[in-house]
Amino acid sequence: MDRAPAQDKDSQKRRKKSQESTSGHATDMEEEELELFHVVQEDLRHKSTVGWQNAVKVLNSAYQHIDRPESQAFLDDAFQKIISIMLDQHASKIGSFEKSCVTQCLSLAVPLVIAQMKAGKYFQTLPVLTMIFSKKKTFYKDLRTSAMIGSYWNKVPGSPEVRAQCIEAFCEMKGFHLLLSTLELLMQNHREGDELEAAMDSEDIRILLQALLEFRTSVPETICTKISVLIMTYFTKISDSVLKKESSDAVGTVIGIIRRLVDAGIVPSEAINALWLDITERYVESTSLPLRLFGLEQINQIVNCARASRAFPPRYFVRNAGTAAVNGVYTLKANSTTKNTCPYAQLDPHRKGRGSSPELIAESVQENGDEDRTRLDYILSAWVVEKKILEEIFGDRIHREIVSRSALLVKFLAESNKLDTHSIDVIWQSCIQKDQTLVHEIHNLLIATVPFLSNELLLHLVESIHASLLQNLEKNEPFPELISFLQRLATNSPSFLMERNVNVTTAILQLLWSIQMHCSIANIRLSRSLRDFFQEGLRSEYGEPLRKAFLSECIEGIKKSCSLSSSVPDSAPSPTSTLIPPAPSSSSSVTSSTSAELSSKNSTASKSLELLKFLIDSYRVDQALVVESLNSEHGLVSLLFDELATFVARSTDKQSPSYRTAIGHRLELIHYIHVKSPKLELSIPQIERLWQVLSSSPAEREFCLIFFNQTSMRSGAAPGASTVGGSISSAFNLDVCFYVFKELLCKQTDFRTLGCMGYKCFNTYFVGLNAQHKLMQQTEESLETGTLNLLGMDALWRIAFEAPLEVAEMATRELLRVYERSSNEITHIGESESDESVKDFLARVFKQLSTVEDSTPDSLKLVQQCSSLLAGLVSSARKKQNFVPHGLSGRGAYFTIKVIAQRIPSSNTSGAGVSATAASNHDNAVRTMQASAYSNQTLWQFRKQIEKLVGHPMQQTKILSSGSAITGDQKTLADLQITESSELRVLMFNSVVQRSSSSVMDQDQVMTSTGKDSPASPSSSSIKHHPGLVIARDASYFGIMFRVLDIVEGHPVHELLWAFLKQIPTSEELLNRVSNIGATETSDGDVNMSSPRTTWAMEEASLIGRRC
């Protein structure tokens, strides 16, 4: 850098000397100079190199004798090669002498170029000039080796100042003036038929323009303007084949440099705007997709420039900023010229501040009088219309990338009010029957443009969408893309679209209404945004008249449904299908027309019912008043019942899913109407009519019961939940509830076909109504009446015995819950009341068991239910009572246990005991023995067995298992997890072993039981009311069970009933019979050893033998 001024001075001196030498007459060339020409040419030809001094000398000689033919021939052959070799040198890798030679060569090259251009040799000269001006040449660039990668400061600087000196010298010699003349000559030759592209290249033009931009202050503005215009004109004149070969990046850079000259005020924009558009048009109309994309990029740049040329918008609309302090309308201040301040004042802020993406919408500038036709925005808009650019973008050659890059142009045209209805039609028609990805891009473009459309254009767009919908319906084609577009539009601009004017709001609501009428309401519900968008429009000031009209249309549709009496297939839409009217039958023209008409009316009726609820929900407040008004004006409640009856009567395929869906929708609407208005209550005649209408099949009856269940629950209560008092909704008064339960549920319901949902309805009424009368509360009145007087008790028992298995199990659990609760509540009244409750339960069950005569499926199901009821009753009561089940009184499996006995000596406190201790050393030895036991043997019985085995009192022994003492004399070995693999250690003490109080109590209880020869001795007289003991005391129960066991032998229910027999205590009466089994014989002298009664008796005999 320190040598730069000196080098600059030297170059100026050399340039001055060369000019002086050429100002005189050309002298004759010497032989040495000619020889030097020859040497340099030979070196270049054979070695591709040139000497440093030779290069300087030869260029100097050629410059001094520029007019000589020898010099011209030499320059034509070697000039470009020498300059190329010089520029390929690294400034940091050559010495100062070599660098000086390079600098001298470049300094001589500039006047040589000027001279050659004057001589008309621009084909040979322009390449040399672009090499000298190119920043990318090695001599100018900084050097970074591989070792320097990653370090910004580790670099060797180049010599860019030499390039700057050359450009400056070129400007001083008026080189750009000469360049302008050369370009004009080339353009003239092109018009005469010469090939223009042979001399020009977009990359060369970029290099020349970059030099002009850097030294624009040294060149007159007129020259800059003319050069820019000529270059832009060049790109409009070359052929299409050459245009495809040109680098679009280089062309874009050239245009960008010219735009920088325009922005700098050097070149007027009016001079290049039209040429810029012509170049863009050529690229947009190209058959190559990359070139078309480049053309769209140029359009976007033109749009940005056009926006800068427009006046400020009079107002800005800000939405979705997240706060009311920012949302609103910003109006342009009058006479606002202050810089660095916002020229807008905020007015009329909205209250809404929702959304994640704020929107800034500029109001279009309304021109007063004639527009300025020289402004770029006007030129661009006129060009788009004249050249049919939108037709080119959205026509037959449409492409997804083209559409995505055209969004800025369409949005600009909308902002400038330059779009018309034809443009909207072109854009919308381009997305019909196209690829999904392309349709998605077009929708993105429309969604971004909609906020800027005028009311007239927006209305036209909505009408076009509506027309497309009707066309799809006529062709029986789905329209998912249309629904998707509306959903996205509703998400982006919900309230803004509804606040335009009455015509726009009306068109949008009519479009959404048509979609809802021809598309399943379940599909619409999948998009909450579209549903909310529709409701938002209905709630707007422009939507109220339409909402009333839609309600009237729904009422008329329901009335038309009531008038249909012909049997046609149900056309209620399924939740996942788009409703398309079915094609008419081809049997006859009259039949086909009638079937199609009735099917269409059925469809209208179904949609009317579905949308009636939707319209009522659209009212923010006073929904009850709306329902009451519809009922008073049209008799809505009676109308819904009439429509339901008519629909059921005319439907033939009542097993189809669509029929069940339609019935569910109708009952849901009836329920919804009565929930919305507290003044509307279902009466007994209406309930009877509904009961009669839905009576042809179990499925219909189930729907009716579900309806009763839902209408009996208050808002917020889960259907089917066992609620208590206060669960009955205002849809029914108390008298109607009692009627429904007593007359319909208990008396007229076929429990054999009752489903789970139907039982939930019964259970809701059973619990709710009994709680309403305080029959399950702990009051004196309820306790006196007892459990047997509960409402619906007989019906609950019938469900448990007659209903399908799953429903019967639910009823069984409810019965057990009722009896268990009642048993807890009436225990303190007296023993007789509790005993009556148990006897009532047992009497009902054994009455059903006594009816079993064979092993049919119904009989087997009845036995299964009775077994479950008995087992549940006994198991529930066992939680509070204590007895030994019969199943645990048997021996169980025998096994052998290893017993290790060890005597524990007492502590010696006197010398007299020494001889005694010595005498007993033999007795203190550890002994290993084996004992036979069985799993159901109690620990107390096992202690007695060990006492005999070891010969030591059991009060002075302690039994250890796994190192821990085992206690609980009443527990069995199975309960204590003692098996054949167990090893027990018996410790024998000389004194009584102290045990816990519970163990002593258990032992005493067992001893008492053994002494009385009974399995258990109750500690209280209340134990005799336990269901197991009640059954054990009544031999008739055993007779019924033994008879049933004989009938169902070989079936799974046999095991259930036999397992229950093992859960109850041993019958003393049967035990006595077993005791006298040898004295008394059967009437025929034989005993049936395979009957259940004999098996039971053998188990009793086993028990007696064990106790003996």
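Analyst: The account below begins with the nonpolar cores, then turns to a helix pair and to the cysteines.

This is a predicted model. Its largest nonpolar core holds 273 residues, and the members that touch the most others are Ile-82, Ile-83, Phe-176, Phe-394, Ile-673, Phe-708 and Phe-762. Helix 5, spanning residues 96-118, gives the most to this core, with 11 residues. In soluble globular proteins, nonpolar side chains tend to be buried together. Another core, of 19 residues, lies apart from the largest one and includes Met-929, Ala-933, Ile-966 and Leu-973.

The helix pair is considered next. Helix 20 (residues 436-449) packs with helix 22 (residues 480-492) at an angle of about 30°, their axes being 10 Å apart, and the crossing is right-handed. From helix 20, Val-439, His-440, His-443, Asn-444, Leu-446 and Ile-447 meet Glu-481, Phe-485, Arg-488, Leu-489 and Asn-492 of helix 22. The residues of this contact comprise five nonpolar, four polar and two charged.

As for the cysteines, the disulfide count is zero. Cys-171 is in no disulfide, because the nearest cysteine sulfur, that of Cys-224, is 8.9 Å away, whereas a disulfide requires sulfur atoms within 2.5 Å. Cys-171 counts as buried because its relative accessibility is 13%, under the 20% limit. Cys-166 is likewise buried, at 3% relative accessibility.

How values were computed. Residues are numbered from 1 along each chain as its sequence is written. This is a predicted model: local features need pLDDT of at least 70, side-chain atom pairs count only at pLDDT 80 or more; totals for chains, interfaces and linings use all residues. Side-chain values use heavy atoms; hydrogens and water are left out. A nonpolar core is a set of buried Ala, Val, Leu, Ile, Met, Phe, Trp, Tyr and Cys residues joined through side-chain atoms within 4.5 Å. Buried means under 20% relative accessible area, exposed over 50%, partly exposed in between (1.4 Å probe, protein chains only). Helices (H or I, at least four residues) and strands (E, at least two) are DSSP runs, numbered from the N terminus. Axes are lines fitted to C-alpha atoms, for helices over the stretch in contact, and angles run from 0 to 180 degrees between N-to-C directions. A crossing is left-handed if the near helix is turned anticlockwise from the far one by less than a right angle, and right-handed if clockwise. Contact means heavy atoms within 4.5 Å. Ala, Val, Leu, Ile, Met, Phe, Trp, Tyr, Cys and Pro count as nonpolar, Asp, Glu, Lys and Arg as charged, and the others, Gly among them, as polar.
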